[in-house]
Amino acid sequence: MRIVFMGTPDFAVESLKILVENGYNVVGVITMPDKPAGRGHKIQFSPVKQYALDKGLTLLQPEKLKDETFLTELRALHADVQVVVAFRMLPEVVWNMPRFGTFNLHASLLPQYRGAAPINYAIINGEKETGATTFFLTHEIDTGKIILQEKIAIADNDNAGVVHDKLMVMGAGMVRKTIDMLISGEVDAVDQAQFIQQDTVLKSAPKIFKEHCEIQVDSDVETVHNLVRGLSPYPAARIEISLPGQQEALQLKVFETKMELATDIPQPGTVLTDGKTYLKVAVKNGFIHLLSIQAPAKKRMSVADFLRGLR
(Lines give C-alpha, C1' and ligand atoms only; values in the text may rest on other atoms or scores of the structure.)
Protein backbone atom coordinates (compact mmCIF):
# COMPACT_ATOMS: atom_id res chain seq x y z
CA MET A 1 0.00 0.00 0.00
CA ARG A 2 1.34 3.39 -1.06
CA ILE A 3 0.99 5.94 1.76
CA VAL A 4 1.20 9.74 1.64
CA PHE A 5 1.65 11.30 5.09
CA MET A 6 0.58 14.85 5.97
CA GLY A 7 1.61 16.62 9.19
CA THR A 8 3.74 19.34 10.71
CA PRO A 9 4.54 19.34 14.49
CA ASP A 10 6.23 16.88 16.87
CA PHE A 11 2.88 15.19 17.51
CA ALA A 12 2.84 14.04 13.88
CA VAL A 13 6.45 12.81 13.76
CA GLU A 14 5.72 9.82 16.00
CA SER A 15 3.07 8.55 13.58
CA LEU A 16 5.30 9.04 10.54
CA LYS A 17 8.18 7.38 12.38
CA ILE A 18 6.20 4.24 13.27
CA LEU A 19 5.27 3.77 9.61
CA VAL A 20 8.78 4.34 8.27
CA GLU A 21 10.53 2.23 10.90
CA ASN A 22 8.16 -0.68 10.37
CA GLY A 23 8.67 -0.82 6.62
CA TYR A 24 5.42 0.71 5.35
CA ASN A 25 5.62 2.23 1.88
CA VAL A 26 5.56 5.98 2.59
CA VAL A 27 5.85 7.45 -0.92
CA GLY A 28 5.54 11.10 0.07
CA VAL A 29 5.34 13.56 2.97
CA ILE A 30 3.38 16.82 2.88
CA THR A 31 4.14 19.52 5.44
CA MET A 32 3.74 23.28 5.91
CA PRO A 33 6.06 25.72 4.12
CA ASP A 34 9.10 26.86 6.12
CA LYS A 35 8.57 29.89 8.35
CA PRO A 36 10.93 32.30 10.10
CA ALA A 37 10.99 31.76 13.87
CA GLY A 38 12.64 33.16 16.98
CA ARG A 39 14.32 36.48 17.57
CA GLY A 40 16.61 36.17 14.56
CA HIS A 41 13.71 35.21 12.28
CA LYS A 42 15.75 32.34 10.92
CA ILE A 43 14.03 29.85 8.65
CA GLN A 44 13.07 26.83 10.73
CA PHE A 45 12.04 23.43 9.38
CA SER A 46 8.97 21.77 10.83
CA PRO A 47 9.67 18.60 12.88
CA VAL A 48 7.98 16.51 10.15
CA LYS A 49 10.14 18.08 7.44
CA GLN A 50 13.30 17.45 9.44
CA TYR A 51 12.40 13.79 9.93
CA ALA A 52 11.48 13.37 6.25
CA LEU A 53 14.80 14.89 5.17
CA ASP A 54 16.73 12.68 7.59
CA LYS A 55 15.06 9.59 6.09
CA GLY A 56 15.32 10.71 2.47
CA LEU A 57 11.55 10.78 1.91
CA THR A 58 9.88 12.61 -0.96
CA LEU A 59 8.75 15.98 0.46
CA LEU A 60 6.19 18.53 -0.74
CA GLN A 61 5.50 21.91 0.94
CA PRO A 62 2.60 23.57 -0.89
CA GLU A 63 1.58 27.14 -0.10
CA LYS A 64 -1.92 26.42 -1.38
CA LEU A 65 -3.51 22.97 -1.36
CA LYS A 66 -5.59 23.70 -4.48
CA ASP A 67 -2.56 24.79 -6.52
CA GLU A 68 -2.50 22.81 -9.78
CA THR A 69 1.26 22.20 -9.61
CA PHE A 70 0.90 20.66 -6.15
CA LEU A 71 -2.13 18.57 -7.20
CA THR A 72 -0.20 17.22 -10.18
CA GLU A 73 2.76 16.30 -7.93
CA LEU A 74 0.40 14.68 -5.41
CA ARG A 75 -1.37 12.60 -8.08
CA ALA A 76 2.02 11.44 -9.37
CA LEU A 77 2.65 9.76 -6.00
CA HIS A 78 -0.27 7.36 -6.72
CA ALA A 79 -1.19 7.09 -3.05
CA ASP A 80 -3.61 4.35 -1.99
CA VAL A 81 -4.30 6.20 1.25
CA GLN A 82 -3.40 9.54 2.81
CA VAL A 83 -2.72 9.90 6.55
CA VAL A 84 -3.25 13.28 8.23
CA VAL A 85 -1.86 14.05 11.69
CA ALA A 86 -1.91 17.66 12.97
CA PHE A 87 -1.90 19.33 9.57
CA ARG A 88 -4.52 21.68 8.13
CA MET A 89 -7.98 21.52 6.59
CA LEU A 90 -7.85 19.74 3.23
CA PRO A 91 -9.99 20.53 0.18
CA GLU A 92 -12.06 17.68 -1.25
CA VAL A 93 -9.84 17.46 -4.33
CA VAL A 94 -7.03 16.37 -1.97
CA TRP A 95 -8.80 14.15 0.60
CA ASN A 96 -10.85 12.37 -2.06
CA MET A 97 -7.84 11.52 -4.26
CA PRO A 98 -6.65 8.07 -2.99
CA ARG A 99 -8.72 4.92 -3.60
CA PHE A 100 -8.94 4.21 0.16
CA GLY A 101 -9.55 7.88 0.99
CA THR A 102 -7.82 9.96 3.65
CA PHE A 103 -7.93 9.37 7.38
CA ASN A 104 -7.04 11.70 10.21
CA LEU A 105 -5.72 11.08 13.73
CA HIS A 106 -7.53 13.44 16.14
CA ALA A 107 -6.55 13.80 19.80
CA SER A 108 -10.00 13.39 21.34
CA LEU A 109 -12.85 10.91 21.61
CA LEU A 110 -14.90 12.20 18.71
CA PRO A 111 -17.54 13.54 18.37
CA GLN A 112 -16.38 15.33 21.54
CA TYR A 113 -13.81 18.12 21.23
CA ARG A 114 -13.86 18.76 17.51
CA GLY A 115 -11.47 21.58 16.68
CA ALA A 116 -7.89 22.77 16.95
CA ALA A 117 -7.17 22.31 20.68
CA PRO A 118 -8.78 19.06 21.90
CA ILE A 119 -6.11 18.18 24.48
CA ASN A 120 -6.23 21.62 26.09
CA TYR A 121 -10.00 21.79 26.38
CA ALA A 122 -10.41 18.26 27.76
CA ILE A 123 -8.18 19.28 30.70
CA ILE A 124 -9.62 22.79 31.04
CA ASN A 125 -13.07 21.21 31.36
CA GLY A 126 -11.87 18.82 34.05
CA GLU A 127 -12.35 15.58 32.08
CA LYS A 128 -11.08 12.41 33.75
CA GLU A 129 -10.40 10.65 30.46
CA THR A 130 -9.72 11.47 26.85
CA GLY A 131 -8.28 9.57 23.91
CA ALA A 132 -7.69 9.59 20.20
CA THR A 133 -9.71 8.76 17.10
CA THR A 134 -8.88 7.81 13.54
CA PHE A 135 -11.62 8.78 11.10
CA PHE A 136 -12.15 9.34 7.39
CA LEU A 137 -12.06 12.95 6.23
CA THR A 138 -15.20 14.46 4.76
CA HIS A 139 -16.58 17.95 4.05
CA GLU A 140 -17.20 19.14 7.63
CA ILE A 141 -14.16 19.29 9.90
CA ASP A 142 -13.76 16.39 12.38
CA THR A 143 -17.12 14.83 11.47
CA GLY A 144 -16.18 11.83 9.29
CA LYS A 145 -16.84 8.15 10.00
CA ILE A 146 -14.86 6.73 12.92
CA ILE A 147 -12.42 3.87 12.30
CA LEU A 148 -10.71 3.42 15.68
CA GLN A 149 -10.90 4.93 19.16
CA GLU A 150 -8.73 4.36 22.22
CA LYS A 151 -8.94 5.96 25.67
CA ILE A 152 -6.50 7.13 28.33
CA ALA A 153 -7.08 8.43 31.85
CA ILE A 154 -6.25 12.03 32.76
CA ALA A 155 -4.62 12.12 36.20
CA ASP A 156 -5.50 14.95 38.59
CA ASN A 157 -2.24 16.82 37.97
CA ASP A 158 -1.61 15.90 34.33
CA ASN A 159 -1.08 18.97 32.18
CA ALA A 160 -1.48 19.43 28.42
CA GLY A 161 2.16 18.52 27.81
CA VAL A 162 1.86 15.19 29.64
CA VAL A 163 -1.39 14.23 27.89
CA HIS A 164 0.03 15.37 24.52
CA ASP A 165 2.97 12.98 24.87
CA LYS A 166 0.76 10.06 25.94
CA LEU A 167 -1.61 10.59 23.01
CA MET A 168 1.27 11.11 20.58
CA VAL A 169 2.62 7.62 21.32
CA MET A 170 -0.79 5.94 21.54
CA GLY A 171 -1.97 7.71 18.39
CA ALA A 172 1.03 6.51 16.40
CA GLY A 173 0.08 2.94 17.25
CA MET A 174 -3.48 3.67 16.15
CA VAL A 175 -2.27 5.02 12.80
CA ARG A 176 -0.38 1.77 12.23
CA LYS A 177 -3.42 -0.33 13.26
CA THR A 178 -5.65 1.68 10.91
CA ILE A 179 -3.29 1.11 7.98
CA ASP A 180 -3.22 -2.63 8.79
CA MET A 181 -7.03 -2.69 8.87
CA LEU A 182 -7.19 -1.01 5.46
CA ILE A 183 -4.68 -3.48 4.02
CA SER A 184 -6.65 -6.47 5.33
CA GLY A 185 -10.06 -5.01 4.43
CA GLU A 186 -11.25 -5.01 8.06
CA VAL A 187 -12.36 -1.36 8.27
CA ASP A 188 -15.99 -0.93 9.29
CA ALA A 189 -16.24 2.82 9.85
CA VAL A 190 -19.06 4.08 12.08
CA ASP A 191 -21.02 7.30 11.58
CA GLN A 192 -20.42 9.79 14.41
CA ALA A 193 -24.18 10.23 14.79
CA GLN A 194 -24.23 6.82 16.51
CA PHE A 195 -22.15 8.32 19.35
CA ILE A 196 -24.60 11.18 19.92
CA GLN A 197 -27.54 10.39 22.21
CA GLN A 198 -30.52 12.66 22.81
CA ASP A 199 -28.96 14.07 26.01
CA THR A 200 -25.39 14.29 24.67
CA VAL A 201 -23.80 17.71 25.04
CA LEU A 202 -21.06 18.16 22.45
CA LYS A 203 -18.04 20.14 23.69
CA SER A 204 -15.89 21.98 21.19
CA ALA A 205 -12.16 22.71 21.09
CA PRO A 206 -11.62 25.94 19.12
CA LYS A 207 -8.26 27.57 18.60
CA ILE A 208 -6.84 29.18 21.74
CA PHE A 209 -6.13 32.91 21.71
CA LYS A 210 -4.45 35.15 24.27
CA GLU A 211 -7.73 36.20 25.86
CA HIS A 212 -8.55 32.56 26.65
CA CYS A 213 -5.40 32.34 28.79
CA GLU A 214 -6.35 34.95 31.39
CA ILE A 215 -7.02 33.59 34.89
CA GLN A 216 -10.32 34.90 36.23
CA VAL A 217 -9.97 35.34 40.00
CA ASP A 218 -13.74 35.26 40.48
CA SER A 219 -13.66 31.58 39.37
CA ASP A 220 -13.43 28.67 41.82
CA VAL A 221 -10.10 27.00 42.64
CA GLU A 222 -10.73 23.90 40.53
CA THR A 223 -11.63 25.95 37.44
CA VAL A 224 -8.42 27.99 37.78
CA HIS A 225 -6.29 24.90 38.47
CA ASN A 226 -7.71 23.12 35.41
CA LEU A 227 -7.14 26.19 33.21
CA VAL A 228 -3.48 26.26 34.25
CA ARG A 229 -3.09 22.51 33.61
CA GLY A 230 -4.85 22.74 30.26
CA LEU A 231 -2.58 25.54 29.01
CA SER A 232 0.73 24.22 30.42
CA PRO A 233 3.40 24.32 29.13
CA TYR A 234 2.06 26.20 26.10
CA PRO A 235 0.63 28.80 25.62
CA ALA A 236 0.43 29.08 29.47
CA ALA A 237 -2.20 30.71 31.67
CA ARG A 238 -1.61 34.34 32.67
CA ILE A 239 -2.39 36.41 35.73
CA GLU A 240 -1.72 40.01 36.77
CA ILE A 241 -0.83 40.35 40.43
CA SER A 242 0.18 43.16 42.74
CA LEU A 243 2.76 42.10 45.32
CA PRO A 244 3.11 43.75 48.72
CA GLY A 245 5.87 46.38 48.54
CA GLN A 246 5.97 46.41 44.72
CA GLN A 247 4.81 49.54 42.91
CA GLU A 248 3.81 47.97 39.60
CA ALA A 249 1.56 45.01 38.89
CA LEU A 250 3.26 41.97 37.36
CA GLN A 251 2.04 39.91 34.43
CA LEU A 252 3.00 36.29 35.12
CA LYS A 253 2.73 33.14 33.07
CA VAL A 254 1.59 30.30 35.32
CA PHE A 255 2.60 26.68 34.61
CA GLU A 256 1.79 24.83 37.82
CA THR A 257 -0.58 25.44 40.73
CA LYS A 258 -1.95 23.83 43.88
CA MET A 259 -5.50 24.18 45.20
CA GLU A 260 -6.44 25.26 48.73
CA LEU A 261 -10.12 25.28 49.61
CA ALA A 262 -11.10 27.83 52.27
CA THR A 263 -14.14 29.65 53.62
CA ASP A 264 -12.60 32.71 55.28
CA ILE A 265 -11.01 34.37 52.25
CA PRO A 266 -10.23 37.98 51.33
CA GLN A 267 -11.33 39.76 48.16
CA PRO A 268 -10.67 37.56 45.08
CA GLY A 269 -7.37 38.62 43.53
CA THR A 270 -5.73 39.38 46.87
CA VAL A 271 -2.14 38.11 46.94
CA LEU A 272 -0.67 36.52 50.07
CA THR A 273 3.00 35.57 50.44
CA ASP A 274 5.61 34.98 53.13
CA GLY A 275 8.23 36.42 50.78
CA LYS A 276 10.14 33.14 50.81
CA THR A 277 8.28 29.94 49.93
CA TYR A 278 4.68 30.58 48.94
CA LEU A 279 2.66 32.92 46.78
CA LYS A 280 -1.09 32.41 46.65
CA VAL A 281 -4.00 34.29 45.15
CA ALA A 282 -7.49 34.42 46.61
CA VAL A 283 -10.22 33.12 44.30
CA LYS A 284 -13.92 32.38 44.69
CA ASN A 285 -13.76 29.53 47.21
CA GLY A 286 -10.17 29.41 48.40
CA PHE A 287 -6.63 30.08 47.24
CA ILE A 288 -4.64 29.09 44.19
CA HIS A 289 -0.97 28.53 45.05
CA LEU A 290 1.39 29.52 42.24
CA LEU A 291 4.17 26.92 42.06
CA SER A 292 5.90 27.44 38.71
CA ILE A 293 5.80 30.81 36.94
CA GLN A 294 7.54 33.08 34.45
CA ALA A 295 7.90 36.82 34.90
CA PRO A 296 8.42 39.17 31.92
CA ALA A 297 11.92 38.80 30.38
CA LYS A 298 12.70 35.93 32.79
CA LYS A 299 12.92 32.17 32.50
CA ARG A 300 10.39 29.77 33.97
CA MET A 301 11.18 29.20 37.65
CA SER A 302 9.79 28.00 40.96
CA VAL A 303 7.98 30.53 43.14
CA ALA A 304 10.70 30.19 45.79
CA ASP A 305 13.36 31.23 43.24
CA PHE A 306 11.12 34.07 42.04
CA LEU A 307 10.63 35.41 45.56
CA ARG A 308 14.35 35.08 46.30
CA GLY A 309 15.04 37.25 43.25
CA LEU A 310 12.66 39.92 44.54
CA ARG A 311 14.42 40.03 47.91
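This is a predicted model: local features need pLDDT of at least 70, side-chain atom pairs count only at pLDDT 80 or more; totals for chains, interfaces and linings use all residues.
1. Let me start with a helix pair. The axes of α1 (residues 10–21) and α6 (residues 160–184) approach within 8 Å, and they cross at roughly 35°. The crossing of these two helices is right-handed. On the α1 side, the contact is made by Asp-10, Phe-11, Glu-14, Ser-15, Ile-18 and Leu-19. The α6 side contributes His-164, Leu-167, Met-168, Val-169, Gly-171, Ala-172, Gly-173, Val-175, Arg-176 and Ile-179. Sorted by class, the α1 and α6 contact holds nine nonpolar, four polar and three charged residues.

2. Next, the sheet. Seven strands make up an open sheet with mixed pairing, and their order is β5-β2-β1-β6-β7-β8-β9. The edge positions belong to β5 (59–60) and β9 (146–153); each has a single partner strand, so one side of each has no neighbour in the sheet.

3. Within that sheet, β6 and β7 are worth a look. Strand β6 (residues 81–85) pairs with strand β7 (residues 102–106) in the parallel sense, over four bridges. If you want a place to begin in the viewer, take Gln-82, whose bridge partner in β7 is Thr-102.

4. On to helix α7 (residues 221–231). Nine of its eleven residues are buried, so α7 is largely enclosed by the rest of the structure. The buried residues are Val-221, Val-224, His-225, Asn-226, Leu-227, Val-228, Arg-229, Gly-230 and Leu-231.

5. Helix α8 (residues 303–310) has Val-303, Phe-306 and Leu-307 as buried residues. Viewed down the axis of α8, the buried residues fall within an arc of 95°, so they line one face of the helix. What covers them includes the strands β11 (250–261), β12 (271–273), β13 (279–283), β14 (286–294) and β15 (301–302).

6. Finally, a loop residue. Asp-218 sits in the loop between α6 and α7. Is Asp-218 buried or exposed? Its relative accessibility is 55%, and the cut-off for exposed is over 50%, so Asp-218 counts as exposed. Asp-218 and Ile-239 are 21 residues apart in sequence, and their C-alpha atoms are 12 Å apart in space.

Methods: Residues are numbered from 1 along each chain as its sequence is written. Side-chain values use heavy atoms; hydrogens and water are left out. Axes are lines fitted to C-alpha atoms, for helices over the stretch in contact, and angles run from 0 to 180 degrees between N-to-C directions. A crossing is left-handed if the near helix is turned anticlockwise from the far one by less than a right angle, and right-handed if clockwise. Contact means heavy atoms within 4.5 Å. Ala, Val, Leu, Ile, Met, Phe, Trp, Tyr, Cys and Pro count as nonpolar, Asp, Glu, Lys and Arg as charged, and the others, Gly among them, as polar. Two strands pair if DSSP finds at least two bridges between them. Buried means under 20% relative accessible area, exposed over 50%, partly exposed in between (1.4 Å probe, protein chains only). The arc is that of the directions from the helix axis to the C-beta atoms.
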